Amino acid sequence: MEKASNGSAALEMQTSELDQPAALRKIISVSSIAAGVQFGWALQLSLLTPYVQLLGIPHKWASLIWLCGPISGMLVQPIVGYHSDRCTSRFGRRRPFIVAGAGLVTVAVFLIGYAADIGHSMGDQLDKPPRTRAIAIFALGFWILDVANNTLQGPCRAFLADLSAGNAKKTRTANAFFSFFMAVGNVLGYAAGSYKNLYKVVPFTMTKSCDLYCANLKTCFFLSITLLLLVTFMSLCYVTEKPWTPEPTADGKASSVPFFGEIFGAFKELKRPMWMLLIVTALNWIAWFPFLLFDTDWMGREVYGGNSDATATDASKKLYNDGVRAGALGLMLNAIVLGFMSLGVEWVGRKMGGAKRLWGAVNFILAICLAMTVVVTKQAEDHRRDHGGAKTGPPGNVTAGALTLFAVLGIPQAITFSIPFALASIFSTNSGAGQGLSLGVLNLAIVVPQMVVSVGGGPFDELFHGGNIPAFVLGAIAAAVSGVLALTVLPSPPPDAPAFKTGAMGFH
């Protein structure tokens, strides 16, 4: 481990170049990149699960498309984090990876948006689902998009950690602003997804093989990539990095440790606080991911009583699409609450006695909301039964109840998007790894649960005669356990002590 220790020390040596955290305006500028990234994520979460079913993938297998996200996250973020910690480019350590990620997003958006058109040109029959070629093009674009987003997000958060220069309060503030701009991106993405005539802004998006739903999806992605490229260009031109030079060892050579040796070394050196953080985070995401994956599908199927299968009637498909749009509206309300809560995380955390108490408390809110989906679903089913299978959707009180759940979930989501990453930056002082690698390790606690849900979610629901409720109930249980562990085993970080010794570079 001697070489590993030297390699880690090399990452910490240049802290003296920036003794004070960067100006808040620079932190806000870098955080704004999250708005562009999250615009695309919001479109994925609200529109793509219904879209793949319209292409002909059965509901119970739709979750497998999402398997690419956690797999790419498990591999890409640690690797990108490791190399961004050690990048010697004249443009800095983090900025080259952020630019590369933005470029990959552009390619991915083109493939996803034009999957139906490309598939039709390659021989797909529009009246004979599944449209296998379109699904293959879509899946390829989806994988590239997840790789690109993971290439972007890890270095962005590490960039913020560098800018915070080891100050715990500044670190929490930076992650809160990152969460706030994620909420801004969510609002824009969900608002775009809920507007059914957006394609008229770009009329050429509707083609013979790309109907109204597909054209709206295509237009939304065009808007998202425009926003991402704009905020990325502005932020990286305004906030620059000094090139990093590795410190030579005693023999005059720069220390070097293979990536897997470094990451296994990081796991070996993790202290109890970081292990507890990984466990709580993993349970937290077992709770979150089923709802994030199937929230709009739940609105279309269980709440509105529609069906997206290729063999469904037009009336049933219309109900489903109405439910998906209502779900996108709910997600927009969720994002608004998330944004306001993100700005108040620091203040609320102080009032509640610390970050771990806040995280534990909101996990119980998450558990209650997921359990309440059972109540809303039963009310919708009772209405359809009493009205002979209503073809006009649920009554207003049921829709209002569902939208209220979406909005309230913005509170725990704001904490999920900020507190774990801030704690990882603070706890990583004892891990022997750079910020990029430490955040990559934390990402493993997020993507492994996602892989479990992606593989098992659909078949698990099918065991209970289909639908999304069984996975939501399992998520409620996981959220409650996560809350208990956050309150009992997760240590409290120091309020304002230096958070870490990462190589915080000089910025201009």
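Tutor: Start with S29, which touches S235, Y238 and V239, leaving aside residues up to four places away in sequence; contact means heavy atoms within 4.5 Å. This is a predicted model, in which local features need pLDDT of at least 70 and side-chain atom pairs count only at pLDDT 80 or more, while totals for chains, interfaces and linings use all residues. Residues are numbered from 1 along each chain as its sequence is written, and side-chain values use heavy atoms, with hydrogens and water left out.

S29 lies in helix α2 (residues 24-31). Helices (H or I, at least four residues) are DSSP runs, numbered from the N terminus. S29 counts as buried because its relative accessibility is 14%; buried means under 20% relative accessible area, exposed over 50%, and partly exposed in between, with a 1.4 Å probe and protein chains only.

Burial also describes helix α18 (residues 419-427): nine of its nine residues are buried, so α18 is largely enclosed by the rest of the structure. Among them are I419, P420 and L423.

W359 belongs to the largest nonpolar core, which has 126 residues; F138, L277, W298 and W359 touch the most other members. A nonpolar core is a set of buried Ala, Val, Leu, Ile, Met, Phe, Trp, Tyr and Cys residues joined through side-chain atoms within 4.5 Å. Helix α12 (residues 272-303) gives the largest share of this core, 17 residues.

Now the helix pairs. Helix α14 (residues 345-352) and helix α15 (residues 355-386) pack at about 95°, their axes 8 Å apart. Axes are lines fitted to C-alpha atoms, for helices over the stretch in contact, and angles run from 0 to 180 degrees between N-to-C directions. That angle makes α14 roughly perpendicular to α15; under 35 degrees counts as roughly parallel, over 145 as roughly antiparallel, 65 to 115 as roughly perpendicular and the rest as oblique. V345, V348, G349 and M352 of α14 meet R357, L358 and A361 of α15.

Helix α6 (residues 95-113) and helix α8 (residues 132-164) pack at an angle of about 160°, also with axes 8 Å apart. α6 and α8 are therefore roughly antiparallel to each other.

Key: Helices (H or I, at least four residues) and strands (E, at least two) are DSSP runs, numbered from the N terminus.
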